[in-house]
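Q: Could you walk me through this model? I would like to take it chain by chain and then look at some local details.

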Amino acid sequence: MKKLLLTPLFVLLALSCFSQSAMEETMYKSGKIYTFLVVALLVLCAMVGYLVRLDLRLTKMEKDKAAKK
Amino acid sequence: MKKIRGIWYKSFAVILLLGSVIASFIVPLSPGVISVTPAKLTPGSNQVVVEGYNTHFDKGNNKTWIITESGFAVEAGYSTPINDHLMEISVILPNQVPSQTFDLAINNPNDGTFFLDGAFYADKVLVKEMAMDSVPQIPLLEENYFSFPFKNILYESIRNLNFHVTMWFALMFCMTVSVYYSIKQLGTSAAFFDITASESAKVGLWFAIIGIVTGSIWARFTWGSWWVNDSKLNGAAISTLVYLAYFILRNSLQDEEKRARISAVYNIFAFVMLIVFIQILPRMTDSLHPGNGGNPAFSQYDLDNNMRMVFYPAIAGWILIASWMISLRRRMTLLKNIEK
């Protein structure tokens, strides 16, 4: 959970760590399409990541239960 | 396939989301004007270069006007395309005009009619009321393809509406489910309701975090700063903290029945705070977010009909995904409790 929580913060950090001018140039290019791209990919990755993590935890619990029996 | 419970709504969610994501990526933006150089006009003939976006100037039949708010218009002497997005126009400005600010209107068969508000400033002119009888009429046409609206400053990032704003709709859904089960819990004190309430608040919190981070990125490249002093941003941050306190409260209580009761009461309080901070206060004060003093998401002025055709399915899709997440988390916690 904690690792997943940190992902969006790392995205922010990574964006703000780029040299200001280079980052702005990229994000403003082609009618700010990259601003959209970062936001869309972040949302999709965050939600898919959340579901995958839930799935993994459930699988592990089911395995533990089977092992106990 | 029947192994997945509630397969119909889950597949519906995936279809809605796939559709809206694909549409958000492939629908083009309407044509628009980015800039004009020079923006200052003087009486007589002026040569101006117009920079458009997603335009088809080179396909010909361009007509250009400068217009004032009162409806006074002057047609450009010539409109010569340089390439698909650059065009040179010649504006003949009369000595007497009704206003010093002019909008630009461009029309061609491919792109329809589009405007740049406040494009020009007229210098050294006599401002005077004018008779409107010989003013040219500007035909209002739509572009001939499905597109998202062109807005200055936003440009392509208007597509973020389908990702950033839908997060907040999903959050409202999660928190409403959470408070509903909290109220039910107070009436019946069944552990099942308590678990559902806390799990949906957890899912809601995840949507809040993603909503804040995506909003921050969007703000940086449109408003110019990662965090602006906007009532909606601060309200969202405060309500996120209020819900974080809900989980701290839950974890600090050992006795299960007491925990369920106290956190249910706190959850009702937290929900009221959420409504106040992200729905009521931003509408009463100035906010950079659209929809001050109205309903931003459903207002007929802020949202274009083509946007809605993608935005509403996206909202429904994310809400269904949120309920899928809630049901997964609930089943997991119930399983954990049985094992204990």
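What follows is a conversation about the overall form of one chain and some local features of both.

A: Before we start, this is a predicted model, in which local features need pLDDT of at least 70 and side-chain atom pairs count only at pLDDT 80 or more, while totals for chains, interfaces and linings use all residues. Residues are numbered from 1 along each chain as its sequence is written, chains are lettered from A and ligands numbered from 1 in the order in which they are written, and side-chain values use heavy atoms, with hydrogens and water left out.

Q: OK, what secondary structure does chain A have?

A: Chain A has 2 helices and 0 strands, where helices (H or I, at least four residues) and strands (E, at least two) are DSSP runs numbered from the N terminus. Its radius of gyration is 18 Å, well over the 11 Å that the globule rule gives for 69 residues, so chain A is more spread out than a compact globule; the radius is taken over C-alpha atoms, and the rule is 2.2 Å times the number of residues to the power 0.38.

Q: What does the C-alpha trace span along its principal axes?

A: For chain A the figures are about 60 × 20 × 10 Å. Within helix 1 (residues 2–17) of that chain sits A:L13, and its C-alpha is separated by 17 Å from that of A:A40, 27 residues apart along the chain.

Q: And how much of chain A is buried?

A: Buried residues account for 32% of the 69 residues in chain A, with buried meaning under 20% relative accessible area, exposed over 50% and partly exposed in between (1.4 Å probe, protein chains only). A:L13 counts as partly exposed, at 48% relative accessibility.

Q: How many positive and negative side chains does it have?

A: Chain A carries 11 positive and 5 negative side chains, and the centres of the two sets lie 10 Å apart. Lys and Arg count as positive and Asp and Glu as negative, with His and the chain ends not counted, and each charge is placed at NZ of Lys, CZ of Arg, CG of Asp or CD of Glu.

Q: Switching topic, how many disulfides are there over all chains?

A: The search of the whole structure finds 0 disulfides, a disulfide being a pair of cysteine sulfur atoms within 2.5 Å.

Q: Which residues make up the ring cluster?

A: Ring pairs link B:Y243, B:Y246, B:F247, B:Y266 and B:F269 into a cluster. B:Y266 and B:F269 pair in a tilted arrangement, 5.5 Å centre to centre with 55 degrees between the planes, and both lie in helix 5 (residues 256–284) of chain B, 3 residues apart, about one turn of the helix. B:F269 counts as partly exposed, at 41% relative accessibility.

Q: Last topic, backbone: which peptide bond is cis?

A: The bond from B:T37 to B:P38 is cis, with omega near -5 degrees, and B:P38 is found in the loop between strand 1 (32–37) and strand 2 (40–41) of chain B. Most residues other than glycine have a negative phi, and most peptide bonds are trans.

Q: Where is B:N54, and is it buried or partly exposed?

A: B:N54 is in the loop between strand 3 (44–53) and strand 4 (63–67) of chain B, and at 30% relative accessibility it counts as partly exposed. B:N54 has a positive phi of about 55 degrees although it is not a glycine.

How values were computed
Rings of Phe, Tyr and Trp (its six-membered ring) pair if their centres lie within 6.5 Å; planes under 30 degrees apart count as stacked, over 60 as edge-to-face and the rest as tilted.
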